[in-house]
Amino acid sequence: MNYILMFMFIAAVGTAGCGDERNQGNQASPPSATAPDNTARNQRDRGDATKTAGDQAENEVDRTITQQVRQAITSDDTLSTDAKNVKIITNDGTVTLRGPVKSEQEKTKIEAKAKQVAGVKQVENQLEVAS
């Protein structure tokens with residue numbers, strides 16, 4: 001009986017400080033002096049007027065439009081990685097484009113590609129040129 005109690009005591013004492021020791025190397029670095037402030041953007045994205053991925057319609061027609069717009073964008077080797085990763089949200093034939101791109105030319109080119117896809121009724125270009 002005493003052996004069991006002693007084992008439990010050793011086990012408890014032996015692991016008491018392990019959490020602190022293991023995590024010392026994983027501590028986050030201190031925040032930089034110029035941390036980005038996305039407060040305004042986050043507030044904008046919480047509103048009902050801003051389309052998010054959750055607004056993508058689940059019907060086959062809208063999903064197909066989104067796929068075809070994505071294929072048109074990703075197959076263009078002249079577009080930047082940012083441009084190829086823009087958000088494409090389709091709902092009732094209206095395509096909303098969101099995200100950063102490198103230039104006004106990319107913004108215009110992506111919109112034109114979206115308009116060329118069959119079934120697109122309207123394109124809402126909310127792309128932002130990265131500064």
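In what order do the elements of the protein run from the N terminus on?

**View 1. The whole protein, element by element.** The order is α-α-α-α-α-β-β-α-β, made up of six helices and three strands; helices (H or I, at least four residues) and strands (E, at least two) are DSSP runs, numbered from the N terminus. This is a predicted model, in which local features need pLDDT of at least 70 and side-chain atom pairs count only at pLDDT 80 or more, while totals for chains, interfaces and linings use all residues. Residues are numbered from 1 along each chain as its sequence is written, and side-chain values use heavy atoms, with hydrogens and water left out. Of the 131 residues, 26% count as buried (buried is under 20% relative accessible area, exposed over 50%, with a 1.4 Å probe and protein chains only).

**View 2. Helix H4 along its length.** Here is H4, residues 60–74: its 15 residues reach 21 Å from the first C-alpha to the last, close to the 21 Å expected (1.5 Å times one less than the number of residues). At its start, a side-chain oxygen of Asn59 comes to within 3.2 Å of the backbone nitrogen of Val61.

**View 3. The two sides of H4.** Asp62, Ile65, Thr66, Val69, Ala72 and Ile73 are the buried residues of H4. Seen down the helix axis, they fall within an arc of 130 degrees, so they line one face of H4 (the arc is that of the directions from the axis to the C-beta atoms). Turned away from this buried side is the face with the exposed residues Glu60 and Gln71.

**View 4. What covers H4.** The cover over the buried residues of H4 includes helix H5 (81–84), strand E1 (87–91), strand E2 (94–101) and helix H6 (104–115).

Technical notes
Contact means heavy atoms within 4.5 Å. A polar contact is a pair of N or O atoms within 3.5 Å; within protein, one must be able to donate a hydrogen and the other to accept it, and residues adjacent in sequence count only if both atoms are side-chain atoms.
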